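What surrounds the ligand, and what do the helices and loops beyond it show?

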Amino acid sequence: MTKDALKTIRGMRDILPDQSPWWQRMERQLIEILSRYGYCEIRTPILEQTSLFARSIGQETDIVAKEMYSFEDRDGSRLSLRPEGTASVVRSFVEHNLARRQPVNRLYYLGPMFRHERPQKGRYRQFHQMGAELIGSADPAADVEMIDLMVECMEAVGLTGTSLELNSQGCRECRPGYREKLVAYLQERADRLCDDCQRRLSINPLRVLDCKEDTCIQAVEGAPRMIDDLCPACGEHFEAVRSGLETLELDFRLDHRMVRGLDYYDRTTFELKAEGLGAQDAVAGGGHYDGLVAELGGPPVPGVGFASGLDRILLNLLASLPAPEDPPVLFVVTRGDEGWHEALGLMQRLRRAGFKVISDVRRGSMKSQMKRADKDGARFVLMLGESELAEGVVAVKDMAARADAADKQFNVPLEEVQADLAQRLGERAGSGGD
Ligand code: AMP
């Protein structure tokens, strides 16, 4: 009886071996940049108490209200798969009192996030983010560093055609006044808003600004802008962020409708968009938060952070970059038990020396092993049969040389194989590719 094969859950994907080298290269490049800016990795659990996200991201946001994977644990506690990284990082920052170790903490994370959204190109229910948080400074310098880091990370992985967008969300002082003005403006146009926005109007009116429905986009066209209503402190802060970005020659565009989907942001918010991704074109985004650390029980210190969507970045890179290079393959072909035993030792020595070495563990005929070597793209095939063993040599076949070349195949004494191949492969031997 054949059984039905099981499949991945809708909106979730396997990353298969033909794609994982792309992921690994991207992650290596990101980590390299993050460490140059002084950021250290923090790994937090994927499961957290549901209340963490409700308190930080906001009960009324789409993420918390509609998109979280939540369930009751065996002891009755409510748990959720993390829908984003900042809340967990701040929870950990508070729990372990990282502020006591140093006044400013630079942290980064990498890993899967979960949101029950409608799947489409570039939008998944399990997706991967790399994010960074800088906790402990209210100075605009922190915001500028974070935006610069975000742009640098995206450039390092090879993303091109990006545009940076900037806005300010004001603060607890100036936002309420703006909110009132916005509500008055929207109420006059309430009949043109979508059902969701009608509801948002009383709960979270700023959200109406970034609704993707055509009628809502038209309705908010001439809406009051937060940056016209900033208090003097927020105005100065925003001005300093802009001047820092200008000094760095980072082009940006003010986007008055950008509010972002999380409630904890104050002051600067930013987003990076990339070409060629269709509707889901935001590859990274973030902002400044003043009250989040205190809200989660920590000291009243501000922070700023960004998160980038690795799945989306990769969609862009797959279309524009060459595949990551693989190190050259040495393929060992053997005949008989004696040849196999000799090969075991040889392969161990070569791998320890940094070479990539493969053999056909099915140990079929030499002919079938040779075929496998060819299919696996071997650069050199090392053959160990009875005659080679008798002579203490390895027969080496250069798979890149022409069939009639004089050095297509040659013997190398066993003890010289490593040095010989290192020389033939030049600097690339054991370099790990790229
Ligand atoms: P956010 O945490 O909503 O600020 O999102 C930060 C980045 O994560 C976005 O710019 C996207 O690149 C990525 N992202 C968010 N949601 C998804 C999703 N459902 N699927 C894939 N990427 C996502």
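The shell around the ligand holds 15 residues, and Arg115, Glu117, Tyr124, Arg260 and Ala282 come nearest. A residue counts as near if one of its heavy atoms lies within 4 Å of the molecule. This is a predicted model, in which local features need pLDDT of at least 70 and side-chain atom pairs pLDDT 80 or more, while totals for chains, interfaces and linings use all residues. Residues are numbered from 1 along each chain as its sequence is written, and side-chain values use heavy atoms, leaving out hydrogens and water.

Start with the polar contacts (pairs of N or O atoms within 3.5 Å). The side chain of arginine 115 places an N or O atom 2.7 Å from an oxygen atom of the ligand. Glutamine 129 also uses its side chain, with a polar atom 3.0 Å from a ligand oxygen. Alanine 282 works through its backbone: a polar atom there is 2.8 Å from an oxygen of the ligand. Taken alone, the ligand exposes 490 Å², and the protein buries 92% of that. These areas come from the Shrake-Rupley method with a 1.4 Å probe.

Which strands supply the shell? β6 (126-135), β10 (282-289) and β11 (303-309) each give at least two residues. β10 gives the most, with 3 residues. Strands here are DSSP runs of E, at least two residues long, and helices are runs of H or I, at least four, numbered from the N terminus. By type, the shell has 7 nonpolar, 3 polar and 5 charged residues. Ala, Val, Leu, Ile, Met, Phe, Trp, Tyr, Cys and Pro count as nonpolar, Asp, Glu, Lys and Arg as charged, and the others, Gly among them, as polar.

Now turn to helix α7. Its buried residues are Arg175, Tyr178, Leu182, Val183, Tyr185 and Leu186. They cover an arc of only 160° around the axis, so they sit on the same side of α7. The arc is taken from the directions from the helix axis to the C-beta atoms. Glu180 and Gln187 are exposed on the other side of α7. Buried means under 20% relative accessible area, exposed over 50%, and partly exposed in between (1.4 Å probe, protein chains only).

Two loops deserve a look. Asparagine 97 is not a glycine, yet its phi is positive, about 50°. It lies in the loop between α4 (86-95) and α5 (98-101). Arginine 363 has a positive phi near 45°. It is found in the loop between β13 (356-359) and α14 (366-375).

Notes
A polar contact is a pair of N or O atoms within 3.5 Å; within protein, one must be able to donate a hydrogen and the other to accept it, and residues adjacent in sequence count only if both atoms are side-chain atoms.
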